[in-house]
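Hello,

Here is the structure for you to look through. My notes on it follow below.

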Amino acid sequence: MKRKARALGLAEAELVRQALEKHLCAGESIRPNPDAWEAEKRFIRSRMKLAQGGTRKERHWRREELYDR
């Protein structure tokens, strides 16, 4: 999002506002993707298992890298 906002010469907040406006105007034409949601649930479950595993590992990623995902 940072790169896109910079490329467009916009603040991130303005980029979010524009995206929300487009989404809300699209209305019913946007259909949920059940496969994407299932993939996200698998990712969340995998993160939860790591957290509950008892062995705390040092993370090797930065929060900003999640945005690339």
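The chain has four helices and zero strands. Along the sequence the pattern reads α-α-α-α. Helices (H or I, at least four residues) and strands (E, at least two) are DSSP runs, numbered from the N terminus.

This is a predicted model: local features need pLDDT of at least 70, side-chain atom pairs count only at pLDDT 80 or more, and totals for chains, interfaces and linings use all residues. Residues are numbered from 1 along each chain as its sequence is written, and side-chain values use heavy atoms, with hydrogens and water left out.

Now confidence. pLDDT is the predictor's confidence in each residue, from 0 to 100. The chain averages 83, and 83% of the residues score at least 70. Helix α1 (residues 2–8) has the highest mean, 92, and helix α4 (residues 63–68) the lowest, 77.

Next, helix α3 (residues 34–52). Its 19 residues should span 27 Å at 1.5 Å a residue, and its end C-alpha atoms are 27 Å apart, which agrees. The expected span is 1.5 Å times one less than the number of residues. N33 caps the N-terminal end of α3. A side-chain oxygen of N33 lies 2.9 Å from the backbone nitrogen of D35.

L20 sits in helix α2 (residues 12–26).

Best wishes

Note on methods. A polar contact is a pair of N or O atoms within 3.5 Å; within protein, one must be able to donate a hydrogen and the other to accept it, and residues adjacent in sequence count only if both atoms are side-chain atoms.
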